[in-house]
Amino acid sequence: GWNEVDTSLVMERLTAMAPAISLDTSSQSIAAPQPVGTFQLIIVPILGFDETCSRIGMGAGWYDQFLASQPQALKIGLAFEQQKNNIIPVEDHDVKLDMIVTECVVYSGDP
C-alpha cells in the first residue's frame, strides 16, 4: 500500500537532542490551516520521489502551498528507498525539496 514515513520518531529525537528549538507539527488533515511563521527547516513525509527531489504526497497541494510560502527554509523529504521512481511528473505548482533522506541514501537533487 501507499505509506508515508512516520515522522514521529524524528520529531522525538529532535526534541530530545535540541530541547530549545521550537517544533510545529501539522495535522494529518488536508483541511488543516497552514502553520504561521518563518521556518528554517521543513521535514516532509512523501509517497514517491525521484533523484531530482521531485515528490508525490497525499496532501492535495497542502505541502506545496506551505513549502512555496517558505522559500528560505531547508526542505527535506523522508521516504523509503523503495518509493524511488525514475521520473515524477511535475506541475508548475509543485515545489521540489532540497534533499530526500531514505534508509539508504541522501538525495540532493543532482541526478
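**View 1. Order of elements in the predicted model.** From the N terminus, the protein runs α-β-β-β-α-β-β-β, a total of 2 helices and 6 strands. Helices (H or I, at least four residues) and strands (E, at least two) are DSSP runs, numbered from the N terminus. This is a predicted model, in which local features need pLDDT of at least 70, side-chain atom pairs count only at pLDDT 80 or more, and totals for chains, interfaces and linings use all residues. Residues are numbered from 1 along each chain as its sequence is written, and side-chain values use heavy atoms, with hydrogens and water left out.

**View 2. The open sheet of 4 strands.** The strand order is β1-β4-β5-β6, with mixed pairing; two strands pair if DSSP finds at least two bridges between them. β1 (41-45) and β6 (106-107) are the edge strands, each with a single partner strand, so one side of each has no neighbour in the sheet. β5 (residues 99-101) pairs with β6 in the antiparallel sense over 2 bridges. Y107 in β6 is the bridge partner of I100.

**View 3. Salt bridge between K84 and E51.** A salt bridge is a side-chain nitrogen of Lys or Arg within 4 Å of a carboxyl oxygen of Asp or Glu. The N to O distance for K84 and E51 is 2.7 Å. K84 lies in the loop between β4 (74-78) and β5, and E51 in the loop between β2 (48-49) and β3 (55-56), 33 residues apart. K84 is partly exposed at 30% relative accessibility, and E51 is partly exposed at 30%.

**View 4. Salt bridge between D64 and R55.** The closest N and O atoms of D64 and R55 are 3.0 Å apart. D64 is buried at 8% relative accessibility, and R55 is buried at 11%. Buried means under 20% relative accessible area, exposed over 50%, and partly exposed in between (1.4 Å probe, protein chains only).
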